[in-house]
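Hi everyone, thanks for coming.

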Amino acid sequence: KNQLNINIKKQYLQQSELNTQRTAENIKYNSIKAYYDILEAKRTIGVDQESVSNYEKHLTNVQQLYTAGSKPKSDLLRSEVSLADARQTLIKAQNDYDVDVITLKNIIKMNRDEELNLTEDFQYIPFDRQLADCLSYAAENRKDLKESQIDYDVAQKNVELAKVGYKPTVSASVGTSWNTQMLPSVSNHGYTVGLSTSWDIFDNGLTKADVASAEAALDEAQLTLQQKSD
């Protein structure tokens, strides 16, 4: 029973280390993603600003043609609506950019009012790994998958631990004693050795219930591991 508890604690320690590593990986990933989200939002603003400029020029031309009587009123209204929509899209892109900047600052613990200078632009690098290689690498390196595997291993040990209640408990003891006498003698020293066994066979079904509960937890851990693997 003690050995099982020791092994379980060791696995929990290993799980905590894996969780720390996974947290560090997530922070790194979120930082990189937030950085490129800013770059993407910045380019989107440029595209939307250019659209607004084009619609403004187009509206100017339509207004001149309408004034000259070459364009109907519907074309003028359609151009005004298109420009309004483009301006709305630009405002949304600018808001998305502001949100992305704040998100990155929160992740890397920057002050909200502190100036943020991006030093690297986006570059597309082709990813030529095969899907099978990626899945194999993930199965070997995903920390959260290993955590689920540990949960399953611990659940198995908990079943064994619950079944300990069916077994007897054995205790051994060794003792020494010393009695003073008038004259020195080898009989001054005494030794005792004891061995006792106890077996609780009437526990009102408590052990059986513990085993059933542990087995249910094992089934749940197995399903969670399978889901994580999928």
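Predicted model: local features only at pLDDT ≥ 70, side-chain atom pairs only at ≥ 80, totals over all residues.

Let's start with arginine 22 and aspartate 144, whose side chains meet in a salt bridge, at 4.0 Å from N to O. Arginine 22 sits in helix H1 and aspartate 144 in helix H4, residues 143–163, so this pair ties together parts that are 122 residues apart in sequence. Are these two buried or exposed? Both arginine 22 and aspartate 144 are buried.

Now look at glutamate 25, which makes a salt bridge with lysine 143; their closest N and O atoms are 2.8 Å apart. Again distant parts of the chain get linked, with glutamate 25 in helix H1 and lysine 143 in helix H4, 118 residues apart. Glutamate 25 is partly exposed, because its relative accessible area is 30%, while lysine 143, at 13%, is buried.

How many salt bridges does the structure hold? There are ten. One more for today: glutamate 56 pairs with arginine 87, and the closest N and O atoms there are 3.2 Å apart. That one connects helix H1, where glutamate 56 lies, with helix H2, residues 73–107, where arginine 87 lies, and the two are 31 residues apart. Glutamate 56 has a relative accessible area of 32%, so it's partly exposed, and arginine 87 is partly exposed too, at 40%.

Okay, on to the pocket. The largest one has about 280 Å³ of space. H1 has the largest share, with six residues. By type, the lining splits into six nonpolar, two polar and four charged residues.

Last stop, the surface. Trp199, Ile201 and Phe202 form a nonpolar patch there, and together they have about 430 Å² of accessible area. Tryptophan 199 is in the loop between strand E2, 189–198, and helix H5, 206–229. Tryptophan 199 counts as exposed because its relative accessibility is 54%, and the cut-off for exposed is over 50%.

Note on methods: Residues numbered from 1 in each chain as written. Heavy atoms only, no water. Patch = residues over 30% accessible without salt bridge, like charges linked within 9 Å, V, L, I, M, F, W, Y side chains within 5 Å. Areas by Shrake-Rupley, 256 points an atom, 1.4 Å probe, with all protein chains shown as cover. Helix = DSSP H or I, 4+ residues; strand = E, 2+ residues; numbered from the N terminus. Buried < 20%, exposed > 50% of the residue type's maximum accessible area, 1.4 Å probe, protein only. 1 Å grid on protein atoms, 1.4 Å probe; cavity = no way out; pocket = protein on both sides within 12 Å on 5 of 7 lines; lining within 4 Å. Points joined across faces, edges and corners; volume = space filled by probe spheres on them. Nonpolar A, V, L, I, M, F, W, Y, C, P; charged D, E, K, R; others polar.
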